[in-house]
Amino acid sequence: MSVIISGIQQVGVGIPNVQAAWKWYRQHFGMDVSIFEEAAEANLMLPYTGGKPHQRHAILAVNLQGGGGMEIWQYTSRTPQPANFEIQAGDLGIYAAKIHSKNVPAALDHFKKLGADVLGEVQVNPAGLEFVWVRDPWGNIFQVESSDNTFAVRPVPTGGILGVVLGVSDMDASLRFYKDLLGYDEVLFDETGEFHDLAPLPGGSGKFRRALITHSKPRQGAFSRIFGPTRIELIQALDREPKKIFEGRFWGDLGFIHLCFDIQGMDALRKQCEAMGHAFTVDSQAALNSNFDMGEAAGHFSYIEDPSGNLIEFVETHKVPILKKIGWYLDLRKRAPEAALPDWMLKALRFNRVKD
């Protein structure tokens, strides 16, 4: 089997209180459908957790308007640690998560009515796309960006995850990596200078090389219809030495912990990553010789590091809950890997919605 990328499945975010965070993300971003919730031990991430397994509580939530989900992740066997410095634009790692919005000014009004920490007014990036910066109560920054992608009509001005803003150390190496491995072959802009739309951010008034990339070919696979098109914004600081956002900390500590792609063809992907010099650093298939099982979802997962050391997760989903109340779980191994699930089936996920 060749590698099939369905899209960005989720962005992981380390949080001190998983239930409080999920409530905030439901109310502000409409992330109200639960795919799984599990309290268990994370025992395969040892390269990034000090060589020891740790207990955690995780929730994967989505917004059926379209886009990827959020894996809201909390350590329960230790106190999750913040960075010991103010994270600035261009620091290495996931600086911000991008959120779909069909109406950015309406999203801004929505955030203001809820009393959210909005950083400035509506901005326009060099590609002519409107967006607004908003910060959650735990210091995580989101870029709510204009997007026409709509899977299911919802009465909220935001969808799910559109992509990330990623600090990198070598722009050219990063552009090659995301193009050759993940299919981000279309550059919406690649500019160097000072940017007024970054000015509201900590460190945003510096000099940067900045590129916004997307994929020219539609994604395939079971969840490609809901994930939709995605964008990754790469930022390289040019007038200072950027810091690693997770320097001296564990994966799962506070902040954005990984960017996750939903894929099929893990064996082929393993070989492709090795050939590119980015071998798996975590591989559930090799470690367990079987599926991971999170109770309500199962499959295989792996991690690699991009040229700047940023963590990329791949998940090959085998089992997913469609309607938990009646025990309807779908085995994706019985379907053609490139085929999208029918819309009616994905929209049935609305019955897993949590209302406030």
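Two strands are taken as paired if DSSP finds at least two bridges between them; helices (H or I, at least four residues) and strands (E, at least two) are DSSP runs, numbered from the N terminus. The model is predicted: local features need pLDDT of at least 70, side-chain atom pairs count only at pLDDT 80 or more, and totals for chains, interfaces and linings use all residues. Residues are numbered from 1 along each chain as its sequence is written, and side-chain values use heavy atoms, with hydrogens and water left out.

**View A. Strand E3 and its two antiparallel partners, E2 and E4.** Strand E2 (residues 33–42) is joined to E3 by nine bridges, and E3 is joined to E4 by six. Alanine 39 stands opposite histidine 57 of E3, while arginine 56 has tyrosine 75 in E4 as its bridge partner.

**View B. Glutamine 65 in the loop between strands E3 (54–62) and E4 (69–75).** The E3–E4 hairpin has six residues between its strands, and glycine 66 takes a positive phi near 130° there. Glutamine 65 counts as buried because its relative accessibility is 2%. A polar atom of its side chain lies 3.3 Å from the backbone oxygen of threonine 158. Beyond its neighbours within four places in sequence, glutamine 65 is in contact (heavy atoms within 4.5 Å) with residues including Lys102, Asn149, Phe151, Arg154 and Gly159.

**View C. Aromatic pairs and a cluster.** Rings of Phe, Tyr and Trp (its six-membered ring) pair if their centres lie within 6.5 Å; planes under 30 degrees apart count as stacked, over 60 as edge-to-face and the rest as tilted. By this rule there are 17 aromatic pairs. Tyrosine 25 and phenylalanine 142 are edge-to-face, because their ring centres are 5.8 Å apart and their planes are at 65°. Tyrosine 25 is in helix H1 (residues 18–29) and phenylalanine 142 in strand E8 (residues 141–146), so this pair ties together parts 117 residues apart in sequence. Both residues are buried. Phenylalanine 131 and tryptophan 133 also form an edge-to-face pair, with centres 5.1 Å apart and planes at 75°; both are buried. One aromatic cluster consists of Trp24, Tyr25, Phe29, Phe111, Trp138, Phe142 and Phe256.

**View D. Arginines over aromatic rings.** A charge sits over a ring if NZ of Lys or CZ of Arg is within 6 Å of the ring centre and within 35 degrees of the ring normal. Arginine 26 lies over the face of tryptophan 22, 4.6 Å from the ring centre. Arginine 78 lies over the face of tyrosine 75, at 4.7 Å from the ring centre.

Notes. Buried means under 20% relative accessible area, exposed over 50%, partly exposed in between (1.4 Å probe, protein chains only). A polar contact is a pair of N or O atoms within 3.5 Å; within protein, one must be able to donate a hydrogen and the other to accept it, and residues adjacent in sequence count only if both atoms are side-chain atoms.
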